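Please open the model in your viewer and keep the selection panel at hand.

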Amino acid sequence: MENLAAALSLSCSSCFAFFSRKHFGKMFGGKRNLQFGTSEDKPFDGRLWTNILLTLNVLVYISQIATQGKLIFWGAKVNSLIDKGQLWRLATCSFLHANIGHLMVNCYSLNSVGPTVEKLSGPRRFLAIYFASAIASSLMSYQFCQSPAVGASGAIFGLVSFLDINFINSFDRSIFGATSFVFIKSR
């Protein structure tokens, strides 16, 4: 079982190293070596704000249980209450969760992409991406969905989008452009 865990750890860390400009280098030029790290290197290095956000999400969920669900009514995205001036709901709904499964999936997702984004972008930009994505997703939900909403999914999708943009920018445009042209033309 330990060998399986070590293999998965190496696999995940090498995947994240692939997305990092610092370790990526040129794909075909061979000027830099791709470096692989393991989770044993420094497991909490460069992930302070990810850990704080994870802890905050769990503590808010415990508070939800302690208040017997009243916390959701105080902070969920409810369009009619936002219309009445309760604009904080656009941010607070990102820390509330509907149930334990919802919390676990969001925490797993944040733990998967958060440290990589935090290392690539730095702590200030990481927090800016997280909160801007959380508020932007709440605004989109406010505009297009009348149902109440909670969850950190929008903020996490923003972090994943940052990884996508970083990954695309890491490629040499001529190689990436030629590849994408072949895919577009073959459809």
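## The whole chain

Of the 187 residues of the protein chain, 33% count as buried. Please keep in mind that this is a predicted model. Colour by secondary structure first: the chain has 10 helices and 0 strands, so from the N terminus on its elements run α-α-α-α-α-α-α-α-α-α. For contacts with a separation of 6 or more, 71% join residues 24 or more positions apart.

## Stop 1: the nonpolar core

Hide the surface and select Leu 53, Leu 110, Val 117, Phe 126, Tyr 130 and Leu 159. These are the residues with the most contacts inside the largest nonpolar core, which has 22 residues. Which helices each supply at least two residues of this core? They are H3 (48-66), H7 (100-121), H8 (123-144) and H9 (153-170).

Stay with Tyr 130 and show what surrounds this residue. Tyr 130 is buried, with a relative accessible area of 0%. Leaving aside neighbours within four places in sequence, Tyr 130 is in contact with Leu 53, Asn 57, Phe 95, Leu 110, Ala 152, Ala 155 and Leu 159.

## Stop 2: the aromatic rings

Next, show the rings of Phe 95, Tyr 130 and Phe 131, which form one aromatic cluster. A pair of aromatic rings is described by the distance of the centres and the angle of the planes. How many aromatic pairs are there? The count comes to 2. In one of them, Phe 95 and Phe 131 are tilted, at 6.1 Å centre to centre and with 45° between the planes. This pair links distant parts of the chain, 36 residues apart: Phe 95 is in the loop between helix H6 (89-92) and H7, while Phe 131 is in helix H8. Phe 95 is buried at 12% relative accessible area, whereas Phe 131 is partly exposed at 34%. Tyr 130 and Phe 131 also form a pair, this time edge-to-face, with 5.5 Å centre to centre and 85° between the planes.

## Stop 3: along helix H9

Select H9 and look along its axis. At 1.5 Å a residue, the 18 residues of H9 should span 26 Å, and the end C-alpha atoms are 26 Å apart, which agrees. Colour the buried residues of H9: Gly 154, Ala 155, Ile 156, Gly 158, Leu 159, Phe 162, Leu 163, Asn 166 and Ser 170. An α-helix has 3.6 residues a turn, so residues three or four places apart point the same way.

## Stop 4

Move to Gln 64 in helix H3. Is Gln 64 buried or exposed? Gln 64 counts as buried because its relative accessibility is 5%, and buried means under 20%. Not counting residues up to four places away in sequence, Gln 64 touches Gly 69, Leu 71, Ile 72, Phe 95, Leu 96 and His 97.

Then pick Gln 68, in the loop between H3 and helix H4 (70-75). Gln 68 is exposed, with a relative accessible area of 72%. Check its backbone too: Gln 68 has a positive phi of about 55° although it is not a glycine. Most residues other than glycine have a negative phi.

## Stop 5

Select Ser 138 in helix H8. Ser 138 counts as buried at 4% relative accessibility. Beyond residues up to four places away in sequence, Ser 138 touches Lys 77, Leu 90, Cys 93 and Ser 94.

Lys 77 leads on to Gln 146, which is 69 residues away in sequence and 9.3 Å away in space, C-alpha to C-alpha. Gln 146 is in the loop between H8 and H9 and counts as exposed at 63% relative accessibility.

## Last stop: the cysteines

Finally, select Cys 93 and Cys 145. Cys 93 is buried at 4% relative accessible area, whereas Cys 145 is partly exposed at 30%. How many disulfides are there? The count comes to 0.

Conventions: Residues numbered from 1 in each chain as written. Predicted model: local features only at pLDDT ≥ 70, side-chain atom pairs only at ≥ 80, totals over all residues. Heavy atoms only, no water. Core = buried A, V, L, I, M, F, W, Y, C linked by side-chain atoms within 4.5 Å. Buried < 20%, exposed > 50% of the residue type's maximum accessible area, 1.4 Å probe, protein only. Helix = DSSP H or I, 4+ residues; strand = E, 2+ residues; numbered from the N terminus. Contact = heavy atoms within 4.5 Å. Disulfide = S-S within 2.5 Å. Phe/Tyr/Trp six-rings, centres within 6.5 Å; stacked < 30°, edge-to-face > 60°. Expected span 1.5 Å × (residues − 1).
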